[in-house]
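Colleague: I would like to learn how to read aromatic rings in a model. Could we go through the matter step by step?

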Amino acid sequence: MLTTKPRGVNDILPDEVWKWHYVENYLRDLAGRFGFQELRIPIFEHTELFQRGIGDTSDVVEKEMYTFTDRGDRSLTLRPEGTAGVARSFVENKLYSGTLPGKYYYVGPMFRYDRPQAGRYRQFNQFGIETIGGHEPAIDSEAVAFAYEIFHGLGLENVLVHLNSVGCPVCRKAYRAALQDHLMPALHDLCETCQTRFDRNPMRILDCKSKHCHELVQGAPSINQYLCEDCQNHFDQVKKILEAMGIPYAVDQNLVRGLDYYTRTAFEITAGKEGAQSAICGGGRYDNLIEEIGGPALPGIGFALGMERLLLTLEQQGSQLQKPDFCDVFVAGLGGNAEILTSQLCHSLRLSGLRVQRDYQGKGLKAQMKAADRVAAKIVLIIGDDEIARQAVICRQMANGEQTTISVNDAVSYVQQKLSAIKVEGDIK
Ligand code: HAM
């Protein structure tokens with residue numbers, strides 16, 4: 001138990017973490033290009049925020065939240081997603097008094113008590129964006145274009161944008177009645193949860209993960225046929241702008257999304273081999289959420305992607321991310337006498353900005369050269385008894401085996417010069 005992690009969580013080991021850094025840097029850069037700034041929200045919030053924000057009839061609130069009572073008897077919940085927290089922060093910090101729309105992004109861990117499997121975890125990481133305070137269709141198209149570009153820009157294949165409009169409370173009224181009429185004959189065959197959803201929120205039944213319910217809802221009417229004029233015009237304009245921007249999409253009338261706050265535009269992105277695997281990214285408009293949690297009546301739209309799913313897809317598609325250099329110089333001190341000079345030299349090299357590795361266990365030259373190879377050091381500095389006597393070090397260039405003896409005092413600047421030359425040669429190649 002002590003050395004076993006809980007189900008559904010992951011260690012990200014040092015050998016893998018560079019991929020996370022790569023993707024996170026890429027996402028932060030892209031967010032900047034699209035005009036988004038980072039907003040860091042807490043890992044836990046008052047439970048009520050998620051109940052109100054995400055909705056009581058969503059799977060997330062009904063079955064998946066990590067909720068606990070703290071020592072002050074407050075009910076708190078580990079965030080299952082970022083939108084509700086961003087909305088809360090937007091209201092609490094009166095960000096609505098600044099320029100609108102406000103454009104925010106976030107990266108970090110989320111928690112859902114879900115059945116773990118490949119790409120589905122109990123602690124997972126999302127990158128998400130939220131644009132709050134604008135109802136224009138151009139904002140929807142921008143969010144979809146940003147999401148699409150994330151996957152397209154990483155060179156993924158089969159990137160599919162599934163787009164739909166889930167309407168507003170006006171069009172949903174008529175749709176709800178039509179859906180209930182359609183489902184009524186099968187009401188007692190639905191799963192227990194869906195039977196309770198029938199009156200509270202029948203649209204949620206379309207999204208049920210139970211295979212049996214999924215079969216029963218086949219042939220149900222689609223919200224698309226019930227859109228009010230405003231929602232239809234909005235949807236048409238979103239599609240028109242996407243087409244003008246060259247963003248490919250397919251309208252998917254069955255897409256309803258699993259969280260209750262969505263209105264109008266809803267979308268998901270898949271990038272599977274056949275385009276059929278679960279979504280890497282999902283989002284949509286939430287025009288009533290800010291008001292619902294006690295803020296001004298301002299609309300919003302955003303999306304979030306699963307970082308683990310993104311990395312898994314990159315791996316499945318054989319994408320080669322550029323691994324960063326881990327070590328510039330390896331300092332190989334030989335024998336106890338070299339200990340002080342080795343420590344001094346490592347420190348000076350590190351202060352000059354270089355990535356430096358060394359051995360601490362008094363290994364022989366052969367073993368240290370092997371270690372230098374393993375970390376792909378470009379240069380090895382060797383310090384033996386002879387070198388200590390002459391206050392010198394041997395500088396060996398790993399790519400061609402070239403060796404020069406230099407004075408200790410010149411070592412840092414010599415290594416810097418050599419590394420610059422190696423870099424220029426690499427760039428020219
Ligand atoms: P969501 O569809 O629940 O939307 O999650 C977004 C993405 O998070 C999913 O497409 C998936 O890649 C990833 N994800 C969700 N659950 C898990 C899990 N258990 N394990 C691994 N990855 C997972 C939201 O969370 C909304 N807040 C998105 C949004 C932002 N809508 C508007 N703004």
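Modeller: Let us begin with Y113, which is partly exposed, with a relative accessible area of 45% (buried means under 20%, exposed over 50% and partly exposed in between, with a 1.4 Å probe and protein chains only). The model is predicted, so local features need pLDDT of at least 70 and side-chain atom pairs pLDDT 80 or more, while totals for chains, interfaces and linings use all residues. Residues are numbered from 1 along each chain as its sequence is written, and side-chain values use heavy atoms, with hydrogens and water left out.

Colleague: What describes a pair of aromatic rings?

Modeller: The distance of the centres and the angle of the planes describe such a pair. Rings of Phe, Tyr and Trp (its six-membered ring) pair if their centres lie within 6.5 Å, and planes under 30 degrees apart count as stacked, over 60 as edge-to-face and the rest as tilted. Here, Y66 and Y113 form an edge-to-face pair, with 5.8 Å centre to centre and 70° between the planes.

Colleague: Where do Y66 and Y113 lie?

Modeller: Y66 lies in strand β3 and Y113 in the loop between β5 (102-111) and β6 (123-132), so the pair ties together parts that are 47 residues apart in sequence; strands (E, at least two residues) are DSSP runs, numbered from the N terminus. Y66 is partly exposed, with a relative accessible area of 27%.

Colleague: Which charged end sits over the ring of Y113?

Modeller: A charge sits over a ring if NZ of Lys or CZ of Arg is within 6 Å of the ring centre and within 35 degrees of the ring normal. For Y113 this is the charged end of R122, 4.0 Å from the ring centre.

Conventions
Helices (H or I, at least four residues) and strands (E, at least two) are DSSP runs, numbered from the N terminus.
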